[in-house]
Amino acid sequence: MSHRRDHGGGLDAALARWGGEKSDWIDLSTGINPVPYPIGEIPQIVWNALPDAAAQDALVQAAHSFWQVPHGAAVLAAPGASSLIARLPALWAEMSNRGKVEIQPPTYNEHAGAFEAHGWEVMTSDPTRKASVLVAVHPNNPDGRLWRDEEFTAPITIIDESFCDVMPEESHIERVRDGQTIVLKSFGKFWGLAGLRLGFAIGAPELIDRLATLIGPWAVSGPALLVGTEALNDPDWAMRTRIRLARDSARLDEMMERKGANLVGGTTLFRLYDVGDAHAVQSRLAEHHVWSRLFPYSRRWLRLGFPPPDCWEQLETALEHAL
């Protein structure tokens with residue numbers, strides 16, 4: 001079975017169907033923090049020159065500190081978590097037992113698409129068949145499921161923690177000590193700077209060195225190195241952001257449940273609701289220039305991120321007509 005790599009976004013298609021200007025719309029389809037980390041002035045030289053080793057080292061050191069990376073583990077910065085996901089299957093191309101990767105649904109299908117592109121068989125949990133690699137999205141997208149230590153049963157584990165920065169106490173970062181676990185981190189979602197294209201892989205130095213070879217030199221732009229370093233060295237901003245996102249999450253739940261939607265799960269970056277006919281609700285929201293996320297495996301589920309602080313009234317008006 002081929003896994004089409006569907007994801008949030010696609011606002012251009014919504015504009016073509018329902019009209020309006022981009023500035024008229026609230027895009028709640030992506031689960032990206034709507035209040036991004038503030039970018040200061042970026043010196044001209046950062047745009048002109050190739051990224052230098054000192055800037056790369058500074059970003060890696062900031063990542064070590066922010067995520068409390070275990071001593072001896074390595075960190076690789078890359079142009080977005082997606083670029084890492086696309087290359088990870090190649091790390092084990094010469095494994096004698098290559099062929100089966102376990103990815104439990106429902107989850108987003110970028111991992112499955114990447115492994116299939118490298119000739120792997122994607123399977124769900126099956127006690128009669130053993131996978132050599134397990135991919136665990138933690139917390140899961142879209143339902144927010146958290147994985148327990150005892151569930152990591154394959155010889156090699158990829159833990160995608162793209163949404164875990166809202167709950168750092170749940171991170172499985174310590175598992176990289178085993179030498180066979182890679183943890184992925186996404187910068188764009190929690191810090192609200194998806195356009196910067198920055199992501200991280202954390203694991204044993206041997207694995208990370210091989211992954212770095214696959215990514216190639218100068219992968220992360222100078223501006224991304226600068227902004228990423230400043231943000232990861234600002235834990236106070238991260239703490240304030242977690243508090244605000246938790247407050248916004250409760251506010252959205254109250255609005256949706258008042259309209260009859262049932263909370264299925266999520267994180268404090270996105271919420272997943274059972275709305276009955278999700279396609280119909282998405283269309284009615286779009287008529288009021290609010291874009292949401294559907295899933296190919298459920299007709300009832302609708303996922304919503306949070307609006308910018310000045311757009312909650314527009315969302316409430318849209319919900320009045322959609323639910």
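Trp191 touches Pro36, Tyr37, Phe66, Trp67, Asp165, Ser186, Ala231, Leu232 and Trp237, leaving out residues up to four places away in sequence. Contact here means heavy atoms within 4.5 Å. The model is predicted: local features need pLDDT of at least 70, side-chain atom pairs count only at pLDDT 80 or more, and totals for chains, interfaces and linings use all residues. Residues are numbered from 1 along each chain as its sequence is written, and side-chain values use heavy atoms, with hydrogens and water left out.

Trp191 is also one of the residues with the most contacts inside the largest nonpolar core, which has 66 residues; the others named are Trp67, Phe200, Leu232 and Leu285. A nonpolar core is a set of buried Ala, Val, Leu, Ile, Met, Phe, Trp, Tyr and Cys residues joined through side-chain atoms within 4.5 Å. Buried means under 20% relative accessible area, exposed over 50%, and partly exposed in between, with a 1.4 Å probe and protein chains only. Helix α8 gives this core its largest share, 6 residues. At least three residues come from each of domain 1 (11-36 + 236-322) and domain 2 (44-233); the bounds come from an automatic or database domain assignment. Another core, of 27 residues, lies apart from it and includes Ala74, Ile85, Ile103 and Leu211.

## An open sheet and its helices

Helices (H or I, at least four residues) and strands (E, at least two) are DSSP runs, numbered from the N terminus. Four strands form an open antiparallel sheet in the order β9-β10-β13-β12. At its edges are β9 (262-266) and β12 (293-295), each of which pairs on one side only. Neighbouring strands are turned by 35 degrees against each other on average, direction ignored. Two strands pair if DSSP finds at least two bridges between them. The pairs are listed below.

| Strand pair | Bridges | A bridge partner pair |
|---|---|---|
| β10 and β13 | 4 bridges | Arg271 and Leu304 |
| β12 and β13 | 2 bridges | Arg293 and Arg303 |

A hairpin joins β9 to β10 through 4 residues. Both faces of β10 are covered: Arg271 and Tyr273 on one side are buried, as are Leu272 and Asp274 on the other.

Helix α8 (residues 235-258) lies across β9, β10 (271-274) and β13, and runs at about 10 degrees to β10. Helix α9 (residues 278-287) also packs on the sheet, where it touches β12 and β13; its direction makes about 40 degrees with that of β13. For these angles, axes are lines fitted to C-alpha atoms, for helices over the stretch in contact, and angles run from 0 to 180 degrees between N-to-C directions.

## Met123

Met123 belongs to strand β4 (residues 121-123). With a relative accessible area of 3%, Met123 is buried. Neighbours within four places in sequence aside, Met123 is in contact with Lys100, Val101, Glu102, Ile103, Arg129 and Ala131. The C-alpha atoms of Met123 and Gln56 are 37 Å apart, and the two residues are 67 residues apart along the chain.

## Cysteines

How many disulfides does a search of the whole structure find? The search finds 0 disulfides, a disulfide being a pair of cysteine sulfur atoms within 2.5 Å. Cys164 is buried because its relative accessible area is 0%. Cys311, at 17% relative accessibility, also counts as buried.
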